[in-house]
Amino acid sequence: MSRLGETVQKIRSKNAGPFWLTIDIFCGTPEVFEQVGVGLETQQVAARFNVDAAVLKRFDIAALNTIKFSLPRPEVQGVRQDRDMHGASFALVLAGLEI
């Protein structure tokens with residue numbers, strides 16, 4: 001098994017408005033896209049972010065060799081408890097997942 005961050009070209013996270021985050025997994029090649037698509041389960045990602053799998057949205061975009069997840073932010077952007085205004089650090093949470 002290998003870690004997701006070592007397998008793919010890039011993992012990026014960012015805001016999708018004040019209430020949602022989006023995480024893009026750029027696989028680089030169709031072969032890696034297929035490997036990650038099969039090996040990375042939506043439930044596994046939901047558990048990593050401590051959200052219900054029913055609210056986690058997954059988009060497999062074969063034409064771009066990219067898998068995208070959208071999920072509610074743990075805190076509304078900009079409130080005192082928000083530790084990442086831009087949502088950039090959430091990519092690191094997925095990088096360590098074994099696939």
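Tutor: Helices (H or I, at least four residues) and strands (E, at least two) are DSSP runs, numbered from the N terminus. This is a predicted model, in which local features need pLDDT of at least 70, side-chain atom pairs count only at pLDDT 80 or more, and totals for chains, interfaces and linings use all residues. Residues are numbered from 1 along each chain as its sequence is written, and side-chain values use heavy atoms, with hydrogens and water left out.

Student: Which pattern does the protein chain follow when read along the sequence?

Tutor: The protein chain has four helices and four strands. Read along the sequence, these elements give the pattern α-β-β-α-α-β-β-α.

Student: What is the radius of gyration of the protein chain?

Tutor: The radius is taken over C-alpha atoms, and the globule rule is 2.2 Å times the number of residues to the power 0.38. For 99 residues the rule gives 13 Å, and the protein chain comes close to this, so it is as compact as a globular protein of that length. The computed radius of gyration is 13 Å.

Student: In β2, which residue is the bridge partner of isoleucine 11?

Tutor: Two strands pair if DSSP finds at least two bridges between them. Strand β1 (residues 10-15) and strand β2 (residues 20-26) pair in the antiparallel sense over six bridges, and they form a hairpin with four residues between them, where glycine 17 in the turn has a positive phi of about 105 degrees. Within β2, the partner of isoleucine 11 is isoleucine 25.

Student: Leaving aside its neighbours within four places in sequence, which residues is serine 89 in contact with?

Tutor: Serine 89 lies in the loop between β4 (66-72) and α4 (91-95), and its C-alpha atom is separated by 6.9 Å from that of serine 13, 76 residues apart along the chain. Contact means heavy atoms within 4.5 Å. With the neighbours within four places left aside, the contacts of serine 89 are Ser13 and Asp84.

Student: Is asparagine 65 buried or exposed?

Tutor: Asparagine 65 is found in the loop between β3 and β4 and has a positive phi of about 50 degrees although it is not a glycine. Buried means under 20% relative accessible area, exposed over 50%, and partly exposed in between (1.4 Å probe, protein chains only). At 13% relative accessibility, asparagine 65 counts as buried.
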